[in-house]
Amino acid sequence: MSGQKKTLDQVLAEQREYNTKRASGYREKALKLYPWVCGRCARDFERRNLSELTVHHVDHDHDNNPPDGSNWELLCIYCHDEEHTKYENLVRYGSTTEKKSKAATFNPFTDLKAKMDGDKK
């Protein structure tokens, strides 16, 4: 198919297959390494609901899969979604940490009494 144009459906199917292969490799390893507990909300999982437990890449690089699992954490689908929302907001809007502002030095009431007394004259 190298000389032909691929349809969108073909490209999406290939991408889904690639994602499934990649995920099955590190997912299976992560499920063997870590207890089946969400790393954020501490919800426990069993075989019947294990599909709701996801592998989150701490550095958001899905190709960074060290065999020791140091770039993974298990998160439930809700906490995983929240983690990616926070990351997208960081990328979109910048840092979420509050920056210290200098104290205001302008005082609108400086010499107010003198100004008021000046109006009486």
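Start your tour by selecting Asp111: at 53% relative accessibility this residue counts as exposed, where exposed means over 50% relative accessible area, buried under 20% and partly exposed in between (1.4 Å probe, protein chains only). Asp111 lies in the loop between H2 and helix H3 (112-120). Its phi is near 60 degrees, a positive value in a residue other than glycine. Most residues other than glycine have a negative phi.

What you are viewing is a predicted model, in which local features need pLDDT of at least 70 and side-chain atom pairs count only at pLDDT 80 or more, while totals for chains, interfaces and linings use all residues. Residues are numbered from 1 along each chain as its sequence is written, and side-chain values use heavy atoms, with hydrogens and water left out.

**The whole chain**

Now zoom out and switch to a cartoon view. How many helices and strands does the chain have? Its secondary structure comes to three helices and two strands; helices (H or I, at least four residues) and strands (E, at least two) are DSSP runs, numbered from the N terminus. Follow the chain from the N terminus and the elements run α-β-β-α-α. Of the 121 residues, 20% are buried. Next, think about contacts, meaning heavy atoms within 4.5 Å. Among contacts between residues at least 6 apart in sequence, 50% join residues at least 24 apart.

**The nonpolar core**

Select Cys38, Phe45, Leu53, Val55 and Leu74. These residues have the most contacts inside the largest nonpolar core, which has 13 residues. A nonpolar core is a set of buried Ala, Val, Leu, Ile, Met, Phe, Trp, Tyr and Cys residues joined through side-chain atoms within 4.5 Å. Helix H1 (8-33), strand S1 (53-57) and strand S2 (72-76) each give two or more residues to this core, and S2 supplies its largest share, four residues. In soluble globular proteins, nonpolar side chains tend to be buried together.

Stay with Phe45 for a moment. Which residues does Phe45 touch, leaving aside its neighbours within four places in sequence? They are Trp36, Cys38, Leu50, Glu52, Leu53 and Cys76.

**Two cysteines**

Go on to Cys76 and show Cys79 as well. Cys76 is buried, with a relative accessible area of 2%, and Cys79 is also buried, at 16%. Why is there no bond between these two? The sulfur of Cys79 is 3.6 Å from the closest cysteine sulfur, in Cys76, and that is too far for a bond. A disulfide needs a pair of cysteine sulfur atoms within 2.5 Å, and the structure holds zero disulfides.

Move along to Glu83, found in helix H2 (residues 77-93). Is Glu83 buried or exposed? At 12% relative accessibility, Glu83 counts as buried. Leaving aside its neighbours within four places in sequence, its contacts are Arg40, His56, His60 and Leu75.

The side chains of Lys86 and Glu83 meet in a salt bridge (3.5 Å, N to O), the term for a side-chain nitrogen of Lys or Arg within 4 Å of a carboxyl oxygen of Asp or Glu. Being three residues apart in helix H2, Lys86 and Glu83 are separated by about one helical turn. Lys86 is partly exposed, with a relative accessible area of 42%. Select Arg40 and Glu73 too, and you have a network of salt bridges linking Arg40, Glu73, Glu83 and Lys86.

His60, one of the contacts of Glu83, is worth a click as well. This residue is found in the loop between S1 and S2, and its phi is near 65 degrees, a positive value in a residue other than glycine. His60 counts as buried, at 18% relative accessibility.

For one of them, select Glu52 and Arg43, whose side chains meet at 2.5 Å, N to O. Glu52 is partly exposed at 26%, and Arg43 is partly exposed at 29%. Then find Arg48, which forms a salt bridge with Glu46, the closest N and O atoms being 3.3 Å apart. Arg48 counts as exposed at 69% relative accessibility, whereas Glu46 is partly exposed at 46%.

**Last stop: the surface**

Finish in surface view with Tyr87, Leu90 and Val91, which make a nonpolar surface patch of about 270 Å². Patches are made of residues with over 30% relative accessible area and no salt bridge: like charges are joined within 9 Å, nonpolar side chains within 5 Å. Tyr87 sits in helix H2 and is partly exposed, with a relative accessible area of 35%.

Definitions and conventions:
Areas by Shrake-Rupley, 256 points an atom, 1.4 Å probe, with all protein chains shown as cover.
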